[in-house]
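Please examine the sequence and the model shown here. The report takes up selected contacts in turn, with the cut-offs behind each term.

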Amino acid sequence: NSSDVVYAEPDYTINATYVPNDPRINTNGQLNANAWYLDRVYADNAWDINQGGSSAVAIAVLDTGVDYNHEDLAANIWSNLDELTNGVDDDNNGFIDDNRGWNFVSNNNNPNDDNNHGTHVAGIAAAVGDNAVGVAGLSYNSKIMPVKVLTSSGSGSYTAEVSGIRYSTDNGADVITMSFGGYGYSQTLLEATEYANNLGALQIAAACNDWTSNTCYPAGYPAVMAVAATDETARKAWFSNYGTWVDISAP
């Protein structure tokens with residue numbers, strides 16, 4: 001109220017930009033670094049606001065499996081708290097001792113990775129952050145649900161894929177990531193994606209890497225987010241499929 005005061009305002013606090021201490025991440029524009037994609041999507045800016053949901057968020061990685069003992073993944077592996085290791089289907093979900101996911105290739109409770117592709121995908125999604133080890137996943141507070149649907153050679157069947165989608169959905173996955181694709185249209189697979197979508201699971205799939213405009217599945221189904229690839233210069237990667245059916249591009 002004094003005429004001597006031009007204006008008054010709070011003395012706001014400031015904070016340093018938050019960057020996890022994981023040694024192999026990169027957020028300084030050096031695109032040849034180990035995790036240049038974090039820089040391309042401005043991950044450090046996002047982490048100032050949110051470091052990736054919470055441990056209540058489960059990301060199902062449908063792939064060649066996941067190395068659940070990996071030093072940068074083990075702490076973020078999803079656990080089925082309703083299931084004991086006792087040879088009994090305690091939670092009555094149709095799968096015995098599925099404590100940390102399921103293997104739909106060998107039909108057992110060991111979804112370990114025998115190819116490394118699934119482990120790579122899991123690390124990008126939710127490697128443990130701020131642990132001074134390796135990299136940080138984009139959503140590094142989330143849990144990883146390992147669901148093996150691809151063999152050691154990186155191939156698989158629609159049957160395994162459909163089973164994986166339904167398993168992930170029924171066991172509470174919030175996100176289902178599928179870094180694979182095929183070109184056969186399948187009503188069975190379509191219905192599985194619709195099932196997951198109707199129950200609130202966000203499905204994300206690769207647009208395939210055959211440098212054509214051909215639609216690949218499951219990315220091409222309406223209930224799935226189709227992701228094309230970009231390169232270090234933020235242009236379409238030379239190998240990525242493309243087309244109006246693609247929803248988003250990412251490094």
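## Basis

This is a predicted model, in which local features need pLDDT of at least 70 and side-chain atom pairs count only at pLDDT 80 or more, while totals for chains, interfaces and linings use all residues. Residues are numbered from 1 along each chain as its sequence is written, and side-chain values use heavy atoms, with hydrogens and water left out.

## Disulfide

The structure holds one disulfide, a term for a pair of cysteine sulfur atoms within 2.5 Å. The bond joins C208 to C216 with an S to S distance of 2.4 Å, and the torsion about this S-S bond is about 105°, so the disulfide is right-handed. Both C208 and C216 are buried (buried is under 20% relative accessible area, exposed over 50%, partly exposed in between, with a 1.4 Å probe and protein chains only).

## Aromatic pairs

A search of the whole structure finds 10 aromatic pairs (rings of Phe, Tyr and Trp, the last by its six-membered ring, with centres within 6.5 Å; planes under 30 degrees apart are stacked, over 60 edge-to-face and the rest tilted). The rings of W211 and W238 have centres 5.6 Å apart and planes at 35°, so this pair is tilted. W211 counts as exposed at 52% relative accessibility, and W238 is exposed with a relative accessible area of 64%.

Elsewhere in the search, ring pairs link F95, W102, F104 and Y167 into a cluster.
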